[in-house]
Amino acid sequence: SIMASNTEEKRDEREARHDQCCREREDGERKKEMGEDHMRAVALCIYGATGFTGARVAEYVVTAHPELSVLLVGRDEAKLAELAARLRQTARRENGPGSASAATQVAEAGDHDALVAAFGRCRVVLNCAGPYRYTGLLVAAAAVDAGTHYLDLCGEPEFFDRVLLQLDARARERGVLVASACAFDCVPAELTAALVLG
């Protein structure tokens with residue numbers, strides 16, 4: 001009876017250690033799947049923030065989603081500072097005096113290292129700088145190299161193909177989402193197709 005009790009206790013201990021080991025392995029796998037995304041300081045980088053579309057996207061984000069940290073990235077430091085000041089005023093007016101402000105960082109599309117440094121601070125990059133056929137691939141590649149998810153507002157089919165051909169394998173390897181056509185030209189057509197096909 002005492003031997004049976006000791007055997008059961010040892011079996012219970014082994015099962016508990018096994019269960020703990022499995023939980024730790026699952027936690028490690030989950031963290032690996034999540035990557036370092038959950039640890040990055042900035043939720044959203046808006047590239048091309050000072051352009052027509054980028055500025056509107058930035059204004060929407062800071063007023064409608066004040067809980068998100070935002071990094072405005074572009075090639076002109078003075079325009080970035082002006083936009084950040086304007087957004088700070090808008091956010092305070094809409095959300096109160098304690099509203100967070102957007103940070104800025106200068107990085108030109110042709111400066112891969114500067115883009116990777118900026119994007120590496122963020123969980124998601126939204127590229128608002130077109131025409132994409134000229135600079136989009138440079139920006140998308142930098143996002144992939146930074147391990148940062150990439151979205152754009154592109155409506156240029158040739159660009160979609162180039163991104164798929166040149167970045168798909170690298171993005172999959174890094175666990176990075178690369179998605180074009182996230183607004184404007186393409187979303188109404190996609191929604192219509194989804195409704196029709198049911």
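Buried denotes under 20% relative accessible area, exposed over 50%, and partly exposed the range in between, with a 1.4 Å probe and protein chains only. The structure is a predicted model, in which local features need pLDDT of at least 70 and side-chain atom pairs count only at pLDDT 80 or more, while totals for chains, interfaces and linings use all residues. Residues are numbered from 1 along each chain as its sequence is written, and side-chain values use heavy atoms, with hydrogens and water left out.

**Figure 1. Overview of the chain, with seven helices and six strands.** Helices (H or I, at least four residues) and strands (E, at least two) are DSSP runs, numbered from the N terminus. The elements follow the order α-β-α-β-α-β-α-β-α-β-α-β-α from the N terminus on. Of the 198 residues, 35% count as buried. Where contact means heavy atoms within 4.5 Å, 74% of the contacts between residues at least 6 apart in sequence join residues at least 24 apart.

**Figure 2. The open sheet of six strands.** Two strands pair if DSSP finds at least two bridges between them. The strand order is E3-E2-E1-E4-E5-E6, with parallel pairing. Strands E3 and E6 (178–179) stand at the edges, each with a single partner strand, so one side of each lacks a neighbour in the sheet.

**Figure 3. Strand E2 and its side chains.** In a regular strand the side chains alternate between the two faces of the sheet. From E2, Val70, Leu72 and Gly74 point one way, Leu71 and Val73 point the other way, and all are buried. Five of the five residues of E2 (residues 70–74) are buried, so this strand is largely enclosed by the rest of the structure.

**Figure 4. Strand E2 between E1 and E3.** E1 and E2 run parallel and are joined by four bridges; Tyr47 has Val73 as its bridge partner in E2. Four bridges also join E2 to the parallel strand E3 (residues 103–106), where Thr104 is the bridge partner of Leu72. The crossover from E2 through helix H3 (residues 77–95) to E3 is a right-handed β-α-β crossover. A right-handed β-α-β unit is also made by E1, helix H2 (residues 52–64) and E2. Right-handed here means that, with the strands pointing away from the viewer, the path from the first strand over the helix to the second runs clockwise.

**Figure 5. The two aromatic pairs.** Rings of Phe, Tyr and Trp (its six-membered ring) pair if their centres lie within 6.5 Å; planes under 30 degrees apart count as stacked, over 60 as edge-to-face and the rest as tilted. By this rule there are two aromatic pairs. Tyr47 and Phe119 have ring centres 6.2 Å apart and planes at 90 degrees, so this pair is edge-to-face. Tyr47 belongs to strand E1 (residues 42–47) and Phe119 to helix H4 (residues 112–119), so the pair ties together parts that are 72 residues apart in sequence. Tyr47 is buried at 5% relative accessibility, and Phe119 is buried at 0%. Tyr132 and Phe159 form a tilted pair, at 5.6 Å centre to centre with 40 degrees between the planes. Tyr132 lies in helix H5 (residues 132–146) and Phe159 in helix H6 (residues 157–174), so this pair ties together parts that are 27 residues apart in sequence.
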